[in-house]
Amino acid sequence: MGETWKRFRQDKLALGALVAILILTATAILAPWLAPFDPAQQFFDGLTIEGAPLPPGAKFLLGTDLLGRDLLSRLIFGARTSLMIGVAANTVAVALGALVGVIAGYVQGPIGFALMRFTDLMIAFPALLLAIALAAIFTPSLWIVAMVIAMVNWVQVARIVYTETTSLAARDYIEATRALGAAWPRVVFRHILPHLTPTLLVWGTLGIATTVLLEATLSFLGVGVRPPTPSWGGIIFESQSYFLTAPWLVFFPGAAILLLALSFNLAGDALRDALDPTARGRG
């Protein structure tokens, strides 16, 4: 673990991304104390005389939205929504993908064939269209959106885990363990899963960026988290008609989505390099 951290911290971009992730996570956790106002509160002085959103100013640091609500407060609470969905959906996706991939790769035979053909069938469907269809069937809520995203993101994990498990299951020490009479749970949990941990960690990090982007896309299309729950994609969806007259309503949530996704991507790439056994000892 010490060697992994040493390799990770050599990447300055990754360290900056890690700091950004920690700041965003702390912001999400401390949202009730950091937000200057209630994100659902509509202010009488939050709109101009013509009824337009206010630009950034002394009272409303990032301006107001079309209903006179404080944009900064909604962005802070939106970080909580995005991270909760990102972590929850990606955890389920990685766990489900790992389960399917390990079973298919270790058992193989008809069971493995059926599981992987089902995985291929899921991969064939465009993820966004499938997510939209599922979100339209179920009543959208924070947890429903998280589970919908998980149902379309597990297939990539399953395919990667299946490939690695198939390779591991054919190695001599696995065959020797089987010959000694070890039950399959012992083989899987003691000898296969530890080798899959680096892959799952990397996918668990990189997948959060994909999940956050997909949640923002669903919210922008109107099938994500329902108002009045703040969501970065939902803020852009509500404010798209004010793009020219109140560009801050699109710029700030868009910048927040970009920062979160980029941070997790950079951290995931650096973690992959740090955990890659073939990279150790280079340089």
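A: One term before we start: a residue counts as buried when its relative accessible area is under 20%, as exposed when that is over 50%, and as partly exposed in between. Keep in mind that this is a predicted model. By that cut-off, 44% of the 283 residues of the chain count as buried.

Q: How many helices and how many strands does the chain have?

A: Eleven helices and zero strands. Read from the N terminus, the order of elements is α-α-α-α-α-α-α-α-α-α-α. Along its principal axes, the C-alpha trace spans about 80 × 45 × 30 Å.

Q: What share of the contacts links residues 24 or more positions apart?

A: Take the contacts in the chain with a separation of 6 or more: 71% of them are between residues 24 or more positions apart.

Q: Let's zoom in on one helix. How do I read α5 (residues 109–124)?

A: Start with its length. α5 has 16 residues and reaches 22 Å from its first C-alpha to its last, close to the 22 Å expected at 1.5 Å a residue. Then look at its sides. An α-helix has 3.6 residues a turn, so residues three or four places apart point the same way.

Q: Which residues of α5 are buried?

A: G112, M116, T119 and M122. They cover an arc of only 110° around the axis, so they sit on the same side of α5. Over on the other side, P110, F113 and A124 are exposed.

Q: What do the buried residues of α5 pack against?

A: Three helices: α4 (71–107), α6 (127–137) and α7 (142–169).

Q: What about the loop between α4 and α5?

A: Check Q108, which lies in that loop. Its phi is positive, about 55°, although Q108 is not a glycine. Q108 counts as partly exposed because its relative accessibility is 34%, which falls between the 20% and 50% cut-offs.

Q: Now for pairs of helices. How do I describe the way two of them pack?

A: Two packed helices are described by the angle between their axes and the distance between the axes. The crossing is right-handed. Sorted by class, the contact of α4 with α7 has 27 nonpolar, seven polar and no charged residues.

Q: At what angle do α4 and α11 pack?

A: About 30°, with the axes of α4 and helix α11 (residues 248–275) 11 Å apart. Here too we have a right-handed crossing, as α4 passes α11.

Q: Which residues of α4 and α11 meet there?

A: From α4 you have L71, L75, S82 and L83, and they meet W248, L249, F252, P253, L260 and F264 of α11. The residues of this contact of α4 with α11 divide into nine nonpolar, one polar and no charged.

Q: Is L266 buried, partly exposed or exposed?

A: Partly exposed, because its relative accessible area is 27%.

Note on methods
Residues are numbered from 1 along each chain as its sequence is written. This is a predicted model: local features need pLDDT of at least 70, side-chain atom pairs count only at pLDDT 80 or more; totals for chains, interfaces and linings use all residues. Side-chain values use heavy atoms; hydrogens and water are left out. Helices (H or I, at least four residues) and strands (E, at least two) are DSSP runs, numbered from the N terminus. The expected span of a helix is 1.5 Å times one less than its number of residues. Buried means under 20% relative accessible area, exposed over 50%, partly exposed in between (1.4 Å probe, protein chains only). The arc is that of the directions from the helix axis to the C-beta atoms. Contact means heavy atoms within 4.5 Å. Axes are lines fitted to C-alpha atoms, for helices over the stretch in contact, and angles run from 0 to 180 degrees between N-to-C directions. A crossing is left-handed if the near helix is turned anticlockwise from the far one by less than a right angle, and right-handed if clockwise. Ala, Val, Leu, Ile, Met, Phe, Trp, Tyr, Cys and Pro count as nonpolar, Asp, Glu, Lys and Arg as charged, and the others, Gly among them, as polar.
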